[in-house]
Amino acid sequence: MGKKVSRRIDCNLCGSKEQTFKYTVKKGGKPFKAVQCSCGMLFVNPQPSMEFISTFYDEDYFSGKKKHNAPGQMDLEKHRDNFMPNINKCIAMMHKRKKKGKYLDVGCATGHYVELFQELGWKSQGIDISEYSTEYGRTERGLDIITGDVVTAGLPKGRYDLITLLNVIEHVPDPTAMVKELERILHKNGTLAISTPNAGYMVAKMSKENWWGWNDEGHIFLFSLATLEKLLDKAGLELYAIGSPYSYGNSVGAVWKNAPNIKIKGIRLVEYTLITKLSPAMFKVSRPLADLLTPGTISFARKRT
Ligand SMILES: [Zn+2]
């Protein structure tokens, strides 16, 4: 102990020093200020230090034992029924415009998607900073997984046809640096798919600190569709489509912290239809409206030509 637990930052998206205080959120049992920049970026400032944050990502984090966290990566298996089909559908959007190629999952944890894409016939690779989860992925699942930070790993320029950043960007200390590096290693016809809770969702705005997007202690940047598009644009990428994955986090019962997950089939069907069909359709008509109506997005970006 004795290490500094926080550091003040300028807005990672626009560089501004001025932000408006919104509300307080808990990180590692300590109160942190959630602030919003005039550019729209919602984040924690001062930020928990990396030493402090790293204490959140232990074995319990990946096995899903942590209370009020998103299910751990190994726990994903249990959520296949409501989580996987839609992620697969979203990913399938890209199969239409792309042949199988080289795939990279950034923040791959134990390699769930690395395995999935390998089974689909892609040359599949993962990278994650967690020694525990990457070691598990290599030894227990026999996958091609790098332990390290993608920003400094020096992966080959233009290598990957598909890069996924699934529920990762809200955790990283410098989203701008990460997306810029992903743009560099993306093939000229490649796709970058980013999934993240949507801070632009009207329920997120209404629920404030009780929004499920804050449940995970490691969440330090929460993007709306609008701020995510600004970030992509800054990195030389163009947002061209969204999917809206239906998952544990999007269900009505999980919108508010600690609310019981609703299991009534009819409600699930209505939710499923609204979330998976309405949001992507709305995106083509009005992005601000899609932002308001989408609980969580998977956004597809390509290099600007
Ligand atoms: Zn800003």
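**View 1. Helix α6 (residues 175-185) packs against helix α8 (residues 225-234) at an angle of about 55°, with the two axes 9 Å apart.** That angle makes α6 oblique to α8, the class left over when angles under 35 degrees count as roughly parallel, over 145 as roughly antiparallel and 65 to 115 as roughly perpendicular. Axes are lines fitted to C-alpha atoms, for helices over the stretch in contact, and angles run from 0 to 180 degrees between N-to-C directions. Pro175, Thr176 and Val179 of α6 meet Leu231, Leu232 and Lys234 of α8; a contact requires C-beta atoms, placed from the backbone, within 7 Å. Helices (H or I, at least four residues) and strands (E, at least two) are DSSP runs, numbered from the N terminus.

This is a predicted model, in which local features need pLDDT of at least 70 and side-chain atom pairs count only at pLDDT 80 or more, while totals for chains, interfaces and linings use all residues. Residues are numbered from 1 along each chain as its sequence is written.

**View 2. The largest nonpolar core contains 62 residues.** Such a core is a set of buried Ala, Val, Leu, Ile, Met, Phe, Trp, Tyr and Cys residues joined through C-beta atoms within 7 Å. Val106, Ile163, Leu165, Leu182, Leu192 and Leu232 touch the most other members. Strand β9 (residues 160-166) supplies the largest share, 5 residues. Leaving aside residues up to four places away in sequence, Leu192 touches Ile163, Leu165, Leu182, Leu186, Leu237 and Ala301.

**View 3. Helix α4 (residues 112-119) has the buried residues His112, Tyr113, Val114 and Phe117.** A residue is buried if 20 or more other C-beta atoms lie within 10 Å of its own, exposed if 12 or fewer, and partly exposed in between. The buried residues of α4 pack against β6 (102-106), β7 (123-128), α5 (131-141), β8 (145-147) and β9. Just after α4, Gly121 adopts a positive phi of about 95°.

**View 4. An open sheet of 4 strands runs in the order β2-β3-β4-β11, with antiparallel pairing.** Its edge strands, β2 (19-27) and β11 (221-222), each pair on one side only. Two strands pair if DSSP finds at least two bridges between them; β4 (residues 42-44) and β11 are joined by 2 bridges in the antiparallel sense. Phe43 has Phe221 of β11 as its bridge partner.

**View 5. The whole protein chain comprises 10 helices and 13 strands.** Of its 305 residues, 42% count as buried.

Technical notes: Contact = placed C-beta atoms within 7 Å.
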